Amino acid sequence: MGKKVTVVGAGFYGSTTAQRLAEYDVFDTVVITDIVEGKPAGLALDLNQSRAIEGFETKVVGVTTGPNGEGYEAIEGSDVVVITAGLPRKPGMSRMDLLETNAKIVRQVSENVAKYAPNAVVIVVSNPLDEMTALAQLATQFPKNRVLGQAGMLDTARFTNFVAEALSVPVKSVKTLTLGSHGDTMVPVPSKSTVDGKPLREAMPAEQIEELVVKTRNGGAEVVALLKTGSAYYAPSAAAARMAKAVAEDSGEVMPVCAWVDGEYGISGVYLGVEAEIGAEGVKRVVETDLDADELASLKEAAEAVRAKQADVANM
């Protein structure tokens with residue numbers, strides 16, 4: 001049986017994710033769905049015509065879905081489903097402003113995923129991320145390890161990029177980490193961040209690190225303000241696609257993701273940004289990192305902030 005991945009939502013984020021997944025050439029089929037009539041089929045046709053140039057064999061299939069689950073039979077047997085459906089932010093909006101609108105969309109999508117792809121690992125990218133991940137798990141009723149959210153990969157990539165630019169060093173020489181939530185209670189982890197293997201704190205002064213932390217926290221809003229008509233999608237799609245690839249290849253790669261935390265760091269019963277080993281069953285295990293006292297306190301604070309909001313989505 002060949003591997004199959006579905007991307008729900010054919011906006012900029014969804015279509016770019018589908019492109020990356022197809023070009024990896026690790027799946028037999030990439031299905032892209034959307035409620036806009038013809039759009040996914042058009043994207044699929046276009047992507048398939050790039051195969052001869054880019055040299056990949058993965059077949060892309062585009063399907064229009066309806067309000068009562070029409071079209072979802074095309075996702076049957078998917079190993080991974082990436083949910084990008086929902087409205088993006090507009091300038092001045094917070095991720096939380098999208099809560100009610102996107103909750104309805106994510107619930108409906110999740111119920112159809114449960115019906116047609118009951119063994120899939122679900123990767124949620126719809127905002128507000130932590131809440132939508134919790135909602136997708138409730139709506140699918142999947143085991144919690146099989147529903148995870150894309151956040152930390154993106155935030156960590158932003159932090160890494162800002163550090164590399166500030167120090168004028170290659171991106172690959174910088175390692176950073178962000179945990180917590182995707183938003184105001186994001187917890188960048190300078191104690192685990194290095195430049196050429198040396199601690200970040202030796203490479204730049206504390207005030208500058210703090211500036212870059214704030215810049216990372218506002219990384220998405222900065223892109224939204226400049227674009228004016230949507231939100232980021234190149235970096236976010238790269239993050240989601242890498243997560244899907246790790247699932248498909250059962251790689252065991254350790255990545256910062258939004259995962260169910262049950263006892264790690266002394267935190268229980270909440271979806272939170274942590275490092276986790278990713279494989280065929282989704283989250284194989286949450287990896288606890290040694291944090292300094294401030295970072296751990298911030299992570300616990302983030303957990304409580306997110307917990308309160310995740311409780312709200314149960315009835316949405």
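Modeller: Gladly, and residue classes come first: Ala, Val, Leu, Ile, Met, Phe, Trp, Tyr, Cys and Pro count as nonpolar, Asp, Glu, Lys and Arg as charged, and the others, Gly among them, as polar. This is a predicted model, where local features need pLDDT of at least 70, side-chain atom pairs count only at pLDDT 80 or more, and totals for chains, interfaces and linings use all residues. Residues are numbered from 1 along each chain as its sequence is written, and side-chain values use heavy atoms, with hydrogens and water left out.

Biologist: How is empty space found?

Modeller: Rolling a probe the size of a water molecule over the atoms shows where empty space is left. On a 1 Å grid over the protein atoms alone, a cavity is a set of points where a 1.4 Å probe fits but cannot get out, while a pocket is an open set with protein on both sides within 12 Å along at least five of seven lines; lining residues have an atom within 4 Å of a point. Grid points are joined across faces, edges and corners, and a volume is the space filled by probe spheres set on the points.

Biologist: What volume does the largest pocket have, and which residues are closest to its centre?

Modeller: The largest pocket holds about 800 Å³. Its lining has 41 residues, and Thr84, Ala85, Gly86, Leu87 and Pro88 are the closest to the centre. By class, 18 are nonpolar, 17 polar and six charged.

Biologist: Which helix gives the most to that lining?

Modeller: Helices (H or I, at least four residues) and strands (E, at least two) are DSSP runs, numbered from the N terminus. Helix 4 gives the most to the lining of the largest pocket, five residues. Domain 1 (4-149) and domain 2 (152-314) each give at least three residues to this lining, with the bounds taken from an automatic or database domain assignment.

Biologist: And the second largest pocket?

Modeller: Its volume is about 340 Å³. Among its 17 lining residues, Pro188, Pro190, Glu210, Val213 and Ser298 lie nearest the centre. The lining divides into eight nonpolar, two polar and seven charged residues.

Biologist: How many cavities of 30 Å³ or more are there?

Modeller: The count is one. The lining of the largest cavity includes Ala151, Asp155 and His182, and strand 8 supplies the largest share, three residues. That lining has two nonpolar, six polar and one charged residues.
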